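Dear colleague,

Please find the structure below. My notes on what was found in it follow directly after.

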Amino acid sequence: MFDVITDALRRRTDLLGWTLREVTRRGSQLYAVPGAVESVRDVTEERYVIDVLRDTTAPGGQPSAGAGNVTLLPGAAIDAAMAAAIDAASLHAGLVRNPPYGLPGPASLPDVPLLDEVLCRDMAGELAAAHQRLVDAVRGETGVRMTAAEFFAEEASVRLRNSRGIDVHQTGTSLEMEWVLLARKAGHEVETFVGMRRRRLADLNLQEVVAERAGWARDLLAAQAPPRHAGPVILAGSALAEFMDTGVIQNLGSAAARFSKSSTWEVGEPVFREPVRGDSLTVWANRQAPYGVASDRFDAEGIPSQRLLLIVNNRLAAFSAGQRHAEYLRISPTGEFGVIEVAAGRTAAASLREGNHVEIAAFSAFEADDVTGDFASEIRLGYTVTGGRRIPFKGGQLIGNYLSALADATWSRETDFHGIYLGPTAVRFETLTVAP
C-alpha cells in the first residue's frame, strides 16, 4: 500500500511536493488493581500520513505556498478513499498562503539507539515482570499501598518517503507507566500519582522511584501549610526535568518563534536580559540522546537528527528549525527539538542543599508562559529547610520568571537522565518566591 499511495502522489500535477509516512505500531497494555492484574491486551495500529505542499498565490498576487495533511487507515476501501483523501489535503493546502518554501532532500542518517530488543521479544511478559517488581518494591515500603497501575509498551516503525527522494526507516520502543500510592494515618489519607515515560526497561529504576515516592506520600500526611519565602529554591529529579521541559527554551530558541517575532533572541547574543550571577548556561537540543523519549533518526519531515548546540555560555548559538522556517531565516534545518540537555555544573548536589532554602519535590503541573517566561505554578510537595530541619509542606505557588531564575542558578556536577531531560540532578535558584 505504501507504494500504491506513492504512485498516486507522483501522478498529481497540482502538488509542489509531498511526504508520505507509514506508521506501524504493536504494543501491550497491562491494567492492575490492588492484589491482581485486571487485564492484559495486545494492540496494533497501521496508518498512512500524507503531507502535501502546493504553490498558491497571495491576495496581492505574490507567490505563496500552502500545506495540507490527511491520515489514511488500511481497509477494503482504501483505494477509493485514497484519491478523495489526497484531494482533501490538496484543497486544504490551496487555502493556505505562506511565503514559499520547499521540502528537505536526502541526507545520511545517524545511528541513534531507540529500540529495546528485550522488550520487543515479549512485551506482555516484560510488562508483567515490571509490574511484579513494582508490587514487590511497594510491599517493601511501610505506610503505603498501591491502588492502581497501568503499563503501556509499544514498538513503532516509521517509513518516510518524499517527493525529493528521501526514503528512510526507523524503529523504536516506548514505555509509559502510571501508578497511584496511597498513604494513610489516623484516618487521614493522601494519594501520590507517579507517571514515567522511557524507551527501555533498564531506565525505569523502579526500586529507587518507589522509595522516593513512598517517602513523598508519607511526608504529605505530615505536610504543613506553605510558607512565605523569598530566596533560594532547589529543584531536583523529576521536578527539575519538568521545569526544563516546560517549553520556554524550546520556543524562544526556535526559528518559528524568531520568524514570528515572538522571540527576540539573536545568534551570538545573550539569552538573558540581566547580568548572570550564577553558573553559565549551555544547552543542547538533542535528538541523538540514547533512548531519549524525543530522540529519533529523522523527524516527521525526514530531517536527520543531531545534537544541536543551542546555547553556549549564555549566548544563543543556533536556532532549532524545521525546513520551512530554516528557509525563511536562511539557516540550516535542524528538525524537531528533541531532548533538552544541560551542561553539568561544578558544585556537588549536597553542597547546593547547604543553608536555609526551600526544595520543591513535585508540582501539580509546572507551566510557564513560553514567550515571557513568567510562571506561578502550584506546589504538590515541598520542603522548608531551616537550621538543618527539613519540614514538608503542600500547596502554595512557586512564582518567578524562567529566564531570571536561570540567570541566577547553580547547577550540580552530578547528572541524570529522565527521558525528556538529560543534565544536572539538581539546581539551586537563588531568588524565587513561594506564596501561600
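Tyr402 touches Phe243, Met244, Thr246, Val248, Ile249, Phe366, Gly373 and Phe375, leaving out residues up to four places away in sequence; a contact here means heavy atoms within 4.5 Å. The model is predicted, so local features need pLDDT of at least 70 and side-chain atom pairs count only at pLDDT 80 or more, while totals for chains, interfaces and linings use all residues. Residues are numbered from 1 along each chain as its sequence is written, and side-chain values use heavy atoms, with hydrogens and water left out.

Tyr402 belongs to the largest nonpolar core, which has 49 residues; Met244, Ile249, Tyr402, Leu406 and Trp411 are the ones that touch the most other members. The largest share of this core, five residues, is supplied by helix 6 (residues 237-244). Another core, of 36 residues, lies apart from it and has Ala149, Leu181, Val210 and Leu381 among its members. A nonpolar core is a set of buried Ala, Val, Leu, Ile, Met, Phe, Trp, Tyr and Cys residues joined through side-chain atoms within 4.5 Å. Buried stands for under 20% relative accessible area, exposed for over 50%, and partly exposed for what is in between (1.4 Å probe, protein chains only). Helices (H or I, at least four residues) and strands (E, at least two) are DSSP runs, numbered from the N terminus.

Next, helix 4. Buried in helix 4 are Met123, Leu127, Ala130, His131, Leu134, Val135, Ala137 and Val138. Seen down the helix axis, these residues fall within an arc of 165°, so they line one face of helix 4; the arc is that of the directions from the axis to the C-beta atoms. They pack against strand 1 (17-33), strand 2 (36-57), helix 3 (117-121), strand 4 (144-162), strand 5 (167-185) and helix 5 (206-221).

Strand 4 also holds Thr147, which is buried because its relative accessible area is 18%. Beyond four places in sequence, Thr147 touches Val33, Pro34, Val180 and Leu182.

On charged pairs, the structure holds 24 salt bridges, each being a side-chain nitrogen of Lys or Arg within 4 Å of a carboxyl oxygen of Asp or Glu.

- Arg213 and Glu212 have their closest N and O atoms 3.1 Å apart; Arg213 is buried at 9% relative accessibility, whereas Glu212 is partly exposed at 35%.
- Arg258 and Glu266 meet at 2.3 Å, N to O, and Glu266 is partly exposed at 37%.
- Glu359 and Arg353 have their closest N and O atoms 3.0 Å apart; Glu359 is buried at 6% and Arg353 partly exposed at 31%.
- Asp3, Arg159, Arg161 and Asp167 are linked in a network of salt bridges.

Gly382 is in strand 13 (residues 374-386) and is buried, with a relative accessible area of 0%. Between Gly382 and Phe272 there are 28 Å in space, C-alpha to C-alpha, and the two are 110 residues apart in sequence.

Best regards
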